[in-house]
Amino acid sequence: MAAALPEAADVVIVGGGVMGTSIAFHLAEAGVERILLLEKNELGSGSTSKAAGGVRANFSDELNIALGARSLEAFARFGERPGQEIDLHRVGYLFLLETADQLDLFRESARLQNAAGQPTRMIDVDEAVRLAPIVAPDGLAGACFSPADGHCTPESVVLGYATAARRLGATLVTGCEVLGLDAVGNHITTVRTSQGDVRAGTVICAAGAWAAEVGQWVGIDLPVTPLRRQIVVTEAIPGLPPSMPMTIDFSSTFYFHREGPGLLVGMSDPEEQPGFQLNRTDTWLPRLTAEMERRTPSLLDVGLTGGWAGLYEVTPDHNALIGEADGISRFLYATGFSGHGFLQGPAVGEIIRDLYLGRTPFVDISPLHAGRFRYDGPRAEWNVV
């Protein structure tokens with residue numbers, strides 16, 4: 001049976017994707033009571049279910065490296081905690097590089113990752129092609145390989161967190177849209193939903209691409225823009241190595257990884273306009289085909305079995321917004337991950353738990369405060385897909 005909406009809660013989490021369910025699990029595991037998660041559709045039905053499933057610590061920013069590395073540890077132990085098979089394949093991430101500037105950029109990010117304990121290394125073109133035999137070497141100058149990274153199944157991660165959170169006492173209500181937040185003075189008092197009002201003093205925004213509106217309800221600027229990204233899945237491809245890494249052509253963002261007997265394939269579309277479009281289109285396919293012809297020409301002879309469209313939740317600097325609002329009590333947020341939310345979900349759930357409980361998180365996330373664009377300016381992250 002679907003959970004009934006309670007009249008009151010100590011903590012209300014808005015959004016039932018990987019971020020919301022991770023937060024619910026970590027709070028419940030820590031003994032927090034009266035946790036209520038609200039999802040307007042089904043759990044994981046937003047951006048999480050449309051993600052490519054990549055998990056990595058291969059970033060250029062030390063804070064993103066820390067979030068990725070902590071999450072990789074959690075994904076590796078997911079079968080024991082919270083207890084769910086997630087089909088984790090630690091086949092590595094392979095960034096294909098074409099210019100001297102790109103090589104310099106990834107040498108520096110590899111140095112930072114090594115300092116954080118990650119086994120990332122620069123490799124030559126021959127080794128890159130051995131790892132991903134469908135890659136054409138023409139124009140490549142080298143590559144960066146992080147063998148501890150890989151991919152897993154986003155829906156299974158959500159299921160694992162949600163099941164454990166419920167087992168630990170949290171209430172997760174689906175088909176319940178949050179319509180607004182009420183406050184008295186600078187204190188949140190009520191969460192208004194499509195199923196009625198809930199008295200609550202703490203709200204945690206994990207609404208992904210829809211987070212900006214949630215922030216506006218209490219006067220908090222969460223600069224998150226929705227942007228459609230599309231993915232296709234190929235027919236079976238004979239001879240694919242089972243250990244072929246998640247491979248990204250850095251210049252174009254064209255990427256692929258194994259999906260059953262075929263490949264999951266995606267690429268950014270520079271002509272895509274912001275908005276909540278979720279329909280699939282063919283307008284990006286000529287650019288995708290051109291990149292396939294350039295980098296993986298053998299894929300031109302492979303048919304497609306399907307695909308989907310989902311939303312990136314993009315911030316001005318492609319870094320997340322994580323923190324607690326200053327102007328109202330208490331409004332916490334974890335959003336704007338710009339395509340990295342699924343892979344950072346475990347670590348961020350832990351961080352939001354600690355912020356709520358007044359503990360010091362394992363890493364200083366104050367640089368990711370939503371107000372940084374007014375005061376500190378954007379943060380650089382170059383290893384963006």
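Buried here means under 20% relative accessible area. Keep that cut-off in mind for the legends below, which all show a predicted model.

**View 1. Strand S15, tucked away inside the chain.** By that cut-off, 6 of the 6 residues of S15 are buried, so the rest of the structure largely encloses this strand. S15 covers residues 262-267. One partner is S12, paired with S15 in the antiparallel sense over 4 bridges. Look for Gln230, whose bridge partner in S15 is Met267. Another partner is S14, joined to S15 by 5 bridges and again antiparallel. Here His257 has Leu264 of S15 as its bridge partner.

**View 2. The turn between S14 and S15.** These two strands form a hairpin with 2 residues between them. Zoom in on Gly260, which takes a positive phi near 65° in this hairpin.

View 3. Start at S5 and walk across: the order is S5-S6-S4-S13-S14-S15-S12-S16, which makes 8 strands in an open sheet with mixed pairing. What stands at the edges? Strand S5 (121-123) and strand S16 (304-314) do, and each has a single partner strand, so one side of each is left without a neighbour in the sheet. On average, neighbouring strands of this sheet are turned by 20° against each other, ignoring direction.

View 4. Strand S13 (residues 246-249) runs antiparallel to strand S14 (residues 254-259), and 3 bridges join the pair. Within it, Ile248 sits opposite Tyr255 of S14. Helix H3 (residues 100-115) packs on the sheet, where it touches S4, S5 and S6. The direction of H3 makes about 150° with that of S4. Helix H7 (residues 285-295) packs on the sheet too, touching S4, S12, S13, S14 and S15. For H7, the angle with the direction of S15 is about 120°.

View 5. Gln344 belongs to helix H8, which spans residues 341-357. Setting aside neighbours within four places in sequence, the contacts of Gln344 are Phe59, Asn64, Leu67, Ser71 and Phe337.

**View 6. Glu7, out on the surface.** Glu7 lies in the segment before strand S1 (8-14). With 61% relative accessibility, Glu7 counts as exposed. Even so, Glu7 has contacts beyond four places in sequence: Asp197, Val198 and Arg199.

View 7. The chain has 9 helices and 18 strands. Its radius of gyration is 21 Å, close to the 21 Å from the globule rule for 385 residues, so the chain is as compact as a globular protein of that length. Along the principal axes, the C-alpha atoms fill a box of roughly 65 × 40 × 40 Å. Buried residues make up 57% of the 385. Among contacts with a separation of 6 or more, 74% come from residues 24 or more positions apart. The accessible surface is about 15,300 Å², and 50% of that belongs to carbon and sulfur atoms.

How values were computed:
Residues are numbered from 1 along each chain as its sequence is written. This is a predicted model: local features need pLDDT of at least 70, side-chain atom pairs count only at pLDDT 80 or more; totals for chains, interfaces and linings use all residues. Side-chain values use heavy atoms; hydrogens and water are left out. Buried means under 20% relative accessible area, exposed over 50%, partly exposed in between (1.4 Å probe, protein chains only). Contact means heavy atoms within 4.5 Å. Two strands pair if DSSP finds at least two bridges between them. Axes are lines fitted to C-alpha atoms, for helices over the stretch in contact, and angles run from 0 to 180 degrees between N-to-C directions. The radius of gyration is taken over C-alpha atoms; the globule rule is 2.2 Å times the number of residues to the power 0.38. Accessible areas come from the Shrake-Rupley method with a 1.4 Å probe; for residues, only the protein chains shown count as cover.
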